[in-house]
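Please look through the sequence and the structure shown here before reading on.

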Amino acid sequence: MARSQDKDFQEVSAMIENGFNRRNFLKVLGWGGATVALSGCGNTSVEDGREFVTSYAETADYIIPSIGTYFNSTCAQCDAGCGIMGRVREGRVLKLEGNPESPINNGKMCGLGQAGVQAHYNPDRIREPLLRNGDRGEAITWEKALELINEKVGSVNPENVAFLTGVVSGHVKALLNNYLDALGSGHHYVYEAVAPSVVRASNKKAYGVEMPRLSLDKAKVIVSFGADFLGAWVSPVHFSQQYARFRKPDNGERGVLVQVESKMTLTGANADRWLAIRPGTEGILALGLINSLAAAGLPVSEDVAAAVGEYTSDRVSKDTGVSAEHIGKLAALLKERSPSLVIAGSAAEGYAHGSQNAAAIALLNQVLGNVGQTVEAPSSVPFPQMAPSTGNSFALQSLSDDMAQDKVKVLFSYGANPVFTAPAFFKLKENLKKVPFKVVFAHYMDETAVEADLVLPLNSALEDWATLMPEYIAEGAQLNIRQPLMEKMYPGTLGVGDILLAMLKQRRPDEYNDYEDFYSYLRSAMVSNKDALGGADEDDDTFWETALSHGVVKLVGEPVDMTGSMSAAALVVPAPFAEDATYPLHLIPAVSASMRDGRNANEPWLQESPDPLTTIVWDSWVEMHPKTAAKLGIVEGDIVEVASKSGAIKAQAYLFPGIHPDVVSVPLGYGHEAMGRYAKGVGANAFSILDPVFDNETGELAMHETRVKVTKAGQRVIIVKDEGPAGGSQMGRRIALRIPSNKVNLSEEV
Amino acid sequence: MYSFLRLSVLLVGLVVSAGSYAVKAAQPLTTADDLGPNVEQPFEFPHDRHAGDAADGGMEINCMYCHTYARRSIVAGIPPVQKCIGCHQNIESVREAPRIKKLFEYWDAKKAIPWKKVHDLPDFVRFNHERHIQRFVFAQGKPVQEACGYCHGDVKKMTVARRQKPLSMGWCRSCHMKDHRIDATSTKTSQGPNDCWQCHK
C-alpha cells in the first residue's frame, strides 16, 4: 500500500516537472484514490491477535490506563522559563499545559510552548554520539566519546578550552562552572542571537538592574518603543496576562497602549495607536516627548530641561516622521494619566546608537516618575551561582576572534547554533575550521553540529533533569524544576547535566564519583540545601517529592536596590540616518513569536502556524509597504532579492501597510541549511546578510542597522497564507468590514 | 507520453492492491458463527478456572477483580503480573504447574507478560467500558459476568479468551436500539446513544 502511494507520488512529481497539466494530474490522483480504496481496510476487528495489550509487571496506584496523569516541569522552547504540566498516558507524554503554580505563566501557555512535544518526538533527533570520519559521522559509544573528550582536553593548555552556550542557569550552570574551574579556564562565552542585551546594559545604568520588573497592570498608559511583549519579548506569556489586566482592570479605566516602531509587531497590532517611526529615531522621539511634557508643565530637573531643549515638536516631527499632532497627543496622554510605563524594545536598541536610544527612553520613564511605580525592583537571588548567565552577540564576536587567532583548541558548544545565527561577515564557519576539536551538544544535526568533530546527542527537555532560574521572574525568586515526563525515546541520548557530571568525574573524581548520575547529584544538592529552599521543616523525601510535584521551588529574596544614575547631560542622540543611494532601505530582521532565532524551526507545528500579521506559512517573506513596492514595481508574490553590503537573500514579497515605507522586514529563523526535514531549505536566512555595525557602548551587533536594496528576481509565486476573504472577495457577504486606513482616526479613541 | 504514464500508474496500483487484498484474505477475521480467530498467547490463561462456576470447579472470581479498570476507564485493563502473584504466592498446590512456573519466570524478571489483543476496535471507534459497566452493573444491578458477557461472550467457560461477537457497528446498534431500564428499580427505560460522535470522535 505504502509502496503504491510512493510510486504514485514519484510519477506524479515526475509529471509535474515535465509540465503536467491540471486535468491529467487529477486523473492520476483519481486512479491513485481508487487503488487505495481497493486495498483498504474493511473489517471492524482489524487487528485481532496482531497487537499487544498494554500490560505491566507492577503498576503505581495512580496509573489507570487511558486516563492521563499530569507531571510538572519547565518549558524549554524559549528562555522565559514558564512552568508546564505534561499529560502522560500509558507512559507517553501527549500534551503540555501551563503549570498554574508558576507565577511566570500562571497555568497559561503559548503556541511555541505547545510545540514542545514535537521537539521530543522529532524524527530528526540524533540518537547516538557521532564522531567525524571525513564527511561522515560515525556512531560511537558514550564511553569512547567521553574518553576522547578527556584525552583532547588533557592534551591542550586549559587556556585553549572554550565553552560556548546559550543561557544557562541552575545546577547545570553550577556544574559547568565547576568544570571550567577544574580546568583552570574561564572561557565561557554565553551567546544569545536575539536578546535585549543593549537594553539590559542601559537598564543597569539607569536603574541599577539589568531587568527590572515591569508592572504593565499598574500602568494607565504604556508606550512601547518596539518591544513586542505580547509576541516574542522576554516573557510574553507573563506580559500577556498583565496586559489583560491593564486592558480590563478590576477598577479604574482601560489602559491605553501606544506602540512606536517601524515594523508592526503583534503588540503593535494590539495597540490603540501604532506610530510608524523612521528607523533609529526612537531616542529623538523620547527626548521630544520629555520636551513637550516639560512645556506642558511636568516638573523636570534643569539638566534634563537643558538636554531636551532643542527637541521641539517640529524638529522631532521632522526627524521621526511622527506628526506633531500625535506627539502632542501622546505627551498630553502621558501627563494626564499616571503612572505610565515606557518600554525600550528590540526596535529601539538595534542601532549603533542603541544604547543612547535606550537611555533616552529610560530618562522618559524617570521624568514621568515611573521608576518605583511601574518599573520595580526585582528580587535578589539567594543562590547567585545558579542565577542565569544571559548572553549577547558580543560574546560570539569574542569567541570568533579568539578562534581566528588560534586561541581555541577544544570548543564545546551547547544550546546555541552560531553557524546559523551568526551573520556571514563573522566568517564563523571558517574560524571554526581552525579549532582542532569541536564538541557540539545537540538535539539535531543543525548547522553547527554538522561542523563538529564530536556530536553528543542530548535528551529532549521532556526526558531530562534540570533546575532553571529564569531571567525575568514575576514575583519573588524561584527555581524551576525540569523533570522527565516519560522514559527516554532513545537509549543513546544523555542529558547535558549527565555529560557535564561525567566530564567532572574525569577532573575531580573525589568530589563527584559518589554521584551515580545527574539525578542523584541534583537531588542531593537540592536536599542538602533544603533549609534555604523552603523545606526546613520537612524530611528529605517530603521536600524532594513536594518540589517535584509542584515543579517550582519558590525562594525568598529581598528586592534589590534600584540605584541607577542617569545623566541627561551625557545623553547624545544622533541625528537621523543620512540617505544611502545604493542601499536605500532599512532591513528589520523580525523576531516572530513562533520562529524566534530559528532554534525550533524543525517543529512542523511552528512552520504550519500562520504568522499572526501576514498569515504566511512554511516560508520567509519580504514585508514592504505598498507604496515602496509600487515604486519598485513589485506586487505580492514577486521573488525579490534583498541585498546588503554583506550578502543577499531571495524571498517572496508581501505587501503590508503596517511598516514604514523606508523599511523592509524579513523574519528570522528560516533558511536552515541543515537541522532536519521540516527546517532545511524552508525560506531564507536573514541573519546572514546583516552588516557589521555595532552598538557604540556595548559592542552588541546592531541588528537593525543593515541597509539594503530590493530588486525583482524575475519569478512570481502564489504566497501560501491563511489570509481569507477579509482582504479580498467576500462574495457580497459583509463578513469583515473594511474602511481605508486614511479614513480611520485612531487618535479619537486615544 | 501521458497516457503511458497513466496506464502504468493504474497497473501498479491494481497489482499492489490485489496483492494486499490477497494477504488480508488469507485469514478470515469473522466467521459465520461470529467467532474471532484463535489468538495465541504467551501461555494459556484459564478463565474457566478463575471465573467459572463453583459447580464446574471454578473460583467465581469477579471479572473486575483482575480487569479492575473497567469501571473507571475507557479500557478494562489487563492485570499487572503483581496481581497474579498476589494470590499465587500463597497457592502452593499449583506452584509447580507449567503455566504457573512461566508466570513466576516473568515475575522474577520483572517483565510484563506480552498478552495479545483478543478484542480490538478500529482506531476511529471509541468504546467506553466505564459507561457500560456503570450502567449495567452499578445502576441496573446486573450480575457482572452477564454484563461483560454481552460483548465478550461466556468467558467463564473459556480458557484463553476468544472473540464471540462480531463487534461491528450494526451489532452495537442492535443493542443501542433496545429499551434498557435506567436503574434497578425504575420502570423507565432509555436507549443507548444514537449520535455518530458518541463513538466516532
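## Briefing on the two chains

Chain A exposes about 31200 Å², and carbon and sulfur atoms supply 51% of that area; accessible areas come from the Shrake-Rupley method with a 1.4 Å probe, and for residues only the protein chains shown count as cover. This is a predicted model, in which local features need pLDDT of at least 70 and side-chain atom pairs count only at pLDDT 80 or more, while totals for chains, interfaces and linings use all residues. Residues are numbered from 1 along each chain as its sequence is written, chains are lettered from A and ligands numbered from 1 in the order in which they are written, and side-chain values use heavy atoms, with hydrogens and water left out.

**Chain A as a whole**

- Chain A holds 25 helices and 25 strands, where helices (H or I, at least four residues) and strands (E, at least two) are DSSP runs numbered from the N terminus.
- Of the 750 residues in chain A, 55% are buried, a word that stands for under 20% relative accessible area, with exposed meaning over 50% and partly exposed in between (1.4 Å probe, protein chains only).
- When contacts in chain A between residues at least 6 apart in sequence are considered, 73% of them join residues at least 24 apart; a contact means heavy atoms within 4.5 Å.

**Strand E9 of chain A**

- Strand E9 (residues 221-225) of chain A is largely enclosed by the rest of the structure, because five of its five residues are buried.
- In a regular strand the side chains alternate between the two faces of the sheet.
- In E9(A), A:Val221, A:Val223 and A:Phe225 point one way, whereas A:Ile222 and A:Ser224 point the other way, and all of them are buried.
- E9(A) pairs in the parallel sense with strand E10 (residues 256-261) of chain A over five bridges, and two strands count as paired if DSSP finds at least two bridges between them.
- The bridge partner of A:Ile222 in E10(A) is A:Leu257.

**Strand E22 of chain A**

- Six of the seven residues of strand E22 (residues 638-644) of chain A are buried, so this strand is largely enclosed by the rest of the structure.
- E22(A) pairs in the antiparallel sense with strand E25 (residues 707-716) of chain A over five bridges, and A:Val642 has A:Val710 as its bridge partner in E25(A).
- E22(A) also pairs in the antiparallel sense with strand E23 (residues 647-655) of chain A, over six bridges, and here the bridge partner of A:Glu641 is A:Lys650.

**Chain B**

- Chain B has nine helices and two strands, and 30% of its 201 residues count as buried.
- The accessible surface of chain B comes to about 12200 Å², of which 58% belongs to carbon and sulfur atoms.
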